[in-house]
Amino acid sequence: MVGKPVLYGATGCGSAVVEAAFILAGMDYDYVDANPWVPSDGLTALQSINPLVQVPTLVLPDGAVMTESVAILLWILDRCPGRLGPGPDEPLRPAFLRWLVYLPAAIYPMYTVRDFVDQWVTGEAAMAELKQSTVNRILLCWKTMEAALRPTPETWMLGTADLTALDLYVGMMTRWTPGRDAIRAVAPGIIAVAERVDRDPRVMALWRRHFPDGYVDS
């Protein structure tokens, strides 16, 4: 691959997991800060290539533009066989794909509703009720994943010896609403995995940059 991919991202957002995957895959990349809520040269550049202003957005060395974090993760996995996930013919591949897609498919939509609740209902009471409903749904999703995979403090999400992109995703998303304490109450094994991801020295500095107020390193 000639040249380096360019990742447009923002602190604390979904681009964090893509950065972590690049680091663990040993792949070089350039990073452009493009916080969608703060005017900047990076944001202007992002708007020119992706009018939806999504982070992460990845520009490949040939100029092609990729969005959707799972798609980008799979692109990275294709270029580092044996790292960050089971291969196409391995028995754990179906479970890996299922739960990797599950996280943005089942949980991400709740943030779309929660962050723009006034687009769905009107009135303070209705908006408060809908926000709480999104939290309830998020917790149910984590509980469902926990019941299916049964992770423990000694295992990764799939029971593999090495962490995968799924573990990185869990490490990132458990930092979002409603937060790790609330998630721990329904999915303690998942939080145990997330805290193992925190302690991986290869990505420790990255997590500190993205989540400085809630970092656990002990």
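Q: Which residues lie nearest the centre of the largest pocket?

A: A pocket is an open set of points on a 1 Å grid over the protein atoms alone, where a 1.4 Å probe fits, with protein on both sides within 12 Å along at least five of seven lines; lining residues have an atom within 4 Å of a point. Here 23 residues line the largest pocket, and Trp37, Val55, Tyr108, Tyr111 and Thr112 lie nearest its centre. This is a predicted model, in which local features need pLDDT of at least 70 and side-chain atom pairs count only at pLDDT 80 or more, while totals for chains, interfaces and linings use all residues. Residues are numbered from 1 along each chain as its sequence is written, and side-chain values use heavy atoms, without hydrogens and water.

Q: Which helix gives the most to the lining of the largest pocket?

A: Helices are DSSP runs of H or I with at least four residues, and strands are runs of E with at least two, numbered from the N terminus. H4 gives the most, with five residues.

Q: Why does the largest pocket lie between domain 1 and domain 2?

A: Domain bounds come from an automatic or database domain assignment. The pocket lies between domain 1 (6–79) and domain 2 (92–200) because both give residues to its lining.

Q: In what order do the four strands of the open sheet stand?

A: Two strands pair if DSSP finds at least two bridges between them. The order is S2-S1-S3-S4, with mixed pairing. The edge strands, each pairing on one side only, are S2 (30–33) and S4 (65–67). S1 (residues 6–9) pairs with S2 in the parallel sense over four bridges, and Val6 stands opposite Asp30 in S2.
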